[in-house]
Amino acid sequence: MQRTASDAARQRRFEQLVGEHREDLYRYAYWLSRDSALAEDVVQDAMMRAWKSLDSLREEQAAKPWLLTIVRRENARFFERKRLETVDIDELVGAPTLHLATEQNTDTDDMRAAIFELEPEYREPLVLQVLLGHSTKEIAEIMDLSNGAVLTRLHRARKKLIENFDLGEG
Amino acid sequence: MDFKEFELSVLSEPDRDSDEIAAKAQSCPKSRALKRKAALLEQQLVQALGVSVPDSLRAPVPDMAELEARLQDASADQVVQSSDNVVPLQKKVAPANRFAVPAWIGLAACLALVIGLVVRQPEVQTDVPGLGGEDLIAELIEHLGPELSSMQPSEVSLSIERVSSVLEPAGARMVSTPGPISYAKSCVINGELIPHLVVQGENGPVTILVMPNQMVDGPMSIMSGGFEGIIMPAGDGGSVAIIGRDSASIEAVRKASSDTLGISI
């Protein structure tokens with residue numbers, strides 16, 4: 001395959017914009033899909049989609065939310081395909097497979113189980129806020145919600161976790 | 001600020017502090033207790049959400065134009081040919097049989113071919129022949145440690161395109177498989193990117209590692225770290241490792257390979 005100077009420049013731009021975010025994209029995909037293999041697939045597909053539509057990204061600072069949105073859509077596409085194939089999604093993700101950076105301990109396992117049990121609409125803003133460090137406004141843009149809706153979901157997510165998880169406090 | 005407003009604020013944006021929140025926590029024991037719980041929750045959340053990233057996403061960004069072209073070629077190839085086998089690759093699996101045996105049997109051969117075509121000797125040696133055999137086994141087992149989650153029973157069945165894109169750089173092709181492939185990625189082992197697959201065999205998940213440049217003198221058995229398996233010479237100077245949790249799962253893959261291609265491992 002003949003590689004032109006513009007191809008090389010495009011590749012360089014892609015590497016600069018996407019390279020540093022790949023780990024966060026995976027973590028986001030992981031908590032959306034609750035499966036490491038699926039998350040990796042989602043990220044790979046999202047990378048290819050981002051490559052194809054790279055020219056549509058005007059502002060370099062917007063790269064991360066742009067990529068997160070692509071990952072979000074890819075994940076939704078994946079689950080939509082699964083639905084069409086009449087697979088029970090709960091069965092598919094019923095036994096979460098984990099790639100954990102932290103050491104295993106009971107509290108962490110219990111908390112993880114509690115997070116897994118959260119409805120996706122509560123889990124997602126929590127991941128974007130706690131794990132990826134996004135502000136309420138940024139989460140609202142990524143999830144296409146109002147600020148108020150994001151705050152409500154975050155509040156409900158934490159409330160559920162506190163109710164379902166013994167934090168060792170009286 | 002009443003307790004409800006306090007709760008909404010603390011549980012939606014726990015990092016956000018204001019004089020009003022501090023004053024409320026100071027004056028109201030119930031609010032103070034909630035703030036403490038919220039702080040503990042944040043610590044637990046950060047720990048629980050920590051996820052390590054696969055090697056393939058730590059490696060340099062691939063040449064996207066080349067990858068795009070390769071994927072286009074792969075999707076155009078509905079049929080993969082080998083010297084003795086022409087096995088139609090199913091682009092989409094029939095919905096009702098997504099995870100049933102007939103669904104994956106259509107994929108037949110991938111690993112069997114990957115494994116089967118490269119086998120030089122049918123006999124398994126219990127001794128580790130050749131230089132570095134034990135080191136190789138140790139390296140493989142060490143690699144599997146952090147990726148144990150991939151070796152769980154799973155109903156995930158990856159697309160042919162996805163598996164092919166992982167195998168292709170190693171010069172391997174997908175022609176048949178003894179079961180659905182639930183995991184496929186390029187891993188770094190011994191400084192080299194190698195395809196790492198997990199096949200959901202009848203008796204449990206089995207890991208397949210395709211090592212294009214790792215030469216072994218002959219088949220060698222693996223019995224280490226709670227794993228069992230075999231490493232076989234493959235291709236021109238490469239090898240393939242089949243690793244499982246017990247001999248039954250290994251045997252199932254061996255048998256499926258044998259049934260498909262009429263070879264024994």
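Predicted model: local features only at pLDDT ≥ 70, side-chain atom pairs only at ≥ 80, totals over all residues.

Modeller: Let's start with pairing: two strands count as paired if DSSP finds at least two bridges between them. β3(B) and β4(B) have eight bridges, in the antiparallel sense, so they meet that cut-off of at least two. One such bridge links V188(B) to L193(B) in β4(B).

Colleague: How do you know that β4(B) and β5(B) pair?

Modeller: By the bridges again: there are six, and the sense is antiparallel.

Colleague: What makes β3 and β6 of chain B edge strands?

Modeller: Look at the order of the open, antiparallel sheet of six strands: β3-β4-β5-β8-β7-β6 in chain B. β3 (181–189) and β6 (220–224) each have a single partner strand, so one side of each has no neighbour in the sheet. On average, neighbouring strands here are turned by 20 degrees against each other, ignoring direction. Helix α8 of chain B, residues 160–167, packs on this sheet, where β3, β4 and β5 of chain B are touched, and its direction makes about 20 degrees with that of β3(B).

Colleague: Why is β5(B) called largely enclosed?

Modeller: A residue is buried if 20 or more other C-beta atoms lie within 10 Å of its own. Seven of the eight residues of β5(B), 204–211, are buried, so the rest of the structure largely encloses this strand.

Colleague: Now chain A. Why is α2(A) called oblique to α3(A)?

Modeller: The two helices pack at about 130 degrees, with axes 8 Å apart. Roughly perpendicular covers 65 to 115 and roughly antiparallel needs over 145, so α2(A) is oblique to α3(A). Their crossing is right-handed. Among the residues making the contact are L25(A), Y26(A) and A29(A) of α2(A) and A39(A), V42(A) and V43(A) of α3(A).

Colleague: Which residues have the most contacts inside the largest nonpolar core?

Modeller: A29(A), V43(A) and V71(A), in a core of 87 residues. Helix α3(A), residues 36–52, gives the most to this core, with eight residues. Setting aside neighbours within four places in sequence, A29(A) is in contact with A39(A), V42(A), V43(A), V71(A) and N75(A).

Notes
Residues numbered from 1 in each chain as written. Chains lettered and ligands numbered in written order. Buried ≥ 20, exposed ≤ 12 C-beta atoms within 10 Å, placed from the backbone. Helix = DSSP H or I, 4+ residues; strand = E, 2+ residues; numbered from the N terminus. Axes fitted to C-alpha atoms, helices over the stretch in contact; angles between N-to-C directions. Contact = placed C-beta atoms within 7 Å. Core = buried A, V, L, I, M, F, W, Y, C linked by C-beta atoms within 7 Å. Parallel < 35°, antiparallel > 145°, perpendicular 65-115°, else oblique. Left-handed = near helix turned anticlockwise from the far one by under 90°.
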